[in-house]
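Reader: Could you walk me through this one before I set anything up? I'd like to start with the overall fold and then look at a single residue.

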Amino acid sequence: MRTVRAAIAVVASTLLGVGLAQAPARAAVADDTTRANTLTAMHGEAFANASYLAYGAEAARNGHDDIADLFVATAATELGEHFTEEAALVDFVGTDVANLRTSIEGEWHEATVVYPGYAQQARRDGCPRAARLFQELAADEATHAAQFRLALYAITHPRSGVRVPIGTAVPPVPIVAGLPVCSGVTQDNLEATLRGEAFANASYTRYAQHARSGGRLRLARLWTNTAGQELGEHFSEAATLAGLVRSDAENLRKAIEGETYEAGTMYPSFARQAASVGEDEAADLFAEIAHDEAGHASAFLYALVDLELGGMRAAVRRS
Ligand SMILES: [Fe+2]
Ligand SMILES: [Fe+2]
Ligand SMILES: [Fe+2]
Ligand SMILES: [Fe+2]
């Protein structure tokens, strides 16, 4: 058993060192399908990052520090390597001005169309907790859009005296493990919310790094504070209602299922598609990431076996 723990510890410590590494320069993808696949993959990586942080926090609460470390380290790879390298492949991070324009559009759409619609649906589905959450999210996203608009004005009118706002550091809300609170379309909408919020967090984290490297420190703080609210509050509150976090064993099983799909199905098919249209850099990256995901699946499997054997030993001792 020590060997298994040691193997997990090695994987975890290696991955912990990854951080938010600078992605190597790659050529931008021209093929539309390869581009769309890359964006799909980026959504998956952002969601894996946010989910593993949530699973890691739950494992730490349950006193399973090895599992917590493994989830946190794997989360760092999903964002710091996979999402980042895929973002570089499609030139996802633009200038500060372009990043602000894209984000204003996204926030405004969430504030005026997506979340008000989800709130209405939640009322129809008889889930007032979700309706309240979606209303709160709509208001917060409107604030994000307004702050980004002000930042854009300050940057494009440097002599106006307007300063870039830095936003607010919102304290993270813990996710309560359990079953879904709502059902039907509202449950689907909560799951879509998790994906959207995870993607906003990952995107703004990258935009923050870009602003920081260009010396725009106030803008970097605005991106970081907004990313913190998307993950620590919006994702977390939706996760509690959606029943994202369960027992450590169930969370590991879900992670293994996701990693196995990415390693054996999704990334190999994306790599084949990219190779078939001559997008060799994309094909190589997808193949590399498929290999990493297989490593994640086996590290999670080791952790699950370790956890279940520990549970069986405790039951034998009690009998
Ligand atoms: Fe990944
Ligand atoms: Fe937002
Ligand atoms: Fe949000
Ligand atoms: Fe992974």
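**Fold and one residue**

Author: In this predicted model, among the contacts in the protein chain between residues at least 6 apart in sequence, 80% join residues at least 24 apart.

Reader: OK, and how many helices and strands are there in the protein chain?

Author: The protein chain has nine helices and zero strands, so its radius of gyration can be looked at next: the value is 21 Å, close to the 20 Å that the globule rule gives for 319 residues, and the chain is therefore as compact as a globular protein of that length.

Reader: What does the C-alpha trace span along its principal axes?

Author: The C-alpha trace of the protein chain spans about 75 × 50 × 35 Å along those axes, and buried residues account for 43% of the 319 residues.

Reader: Switching topic, where does Arg195 sit?

Author: Arg195 lies in helix H6, which covers residues 184-213.

Reader: Buried or exposed, or in between, and why is Arg195 classed that way?

Author: Arg195 is partly exposed, because 16 other C-beta atoms lie within 10 Å, whereas a buried residue would need 20 or more and an exposed one 12 or fewer.

Reader: Which residues does Arg195 touch, leaving out those up to four places away in sequence?

Author: With those sequence neighbours left out, Arg195 touches His43 and Phe47.

Reader: And how far apart are the C-alpha atoms of Arg195 and Ala46?

Author: Those two C-alpha atoms are separated by 7.6 Å, although Arg195 and Ala46 are 149 residues apart along the chain.

How values were computed: Residues are numbered from 1 along each chain as its sequence is written. Chains are lettered from A and ligands numbered from 1 in the order in which they are written. This is a predicted model: local features need pLDDT of at least 70, side-chain atom pairs count only at pLDDT 80 or more; totals for chains, interfaces and linings use all residues. Helices (H or I, at least four residues) and strands (E, at least two) are DSSP runs, numbered from the N terminus. Two residues are in contact if their C-beta atoms, placed from the backbone, lie within 7 Å. The radius of gyration is taken over C-alpha atoms; the globule rule is 2.2 Å times the number of residues to the power 0.38.
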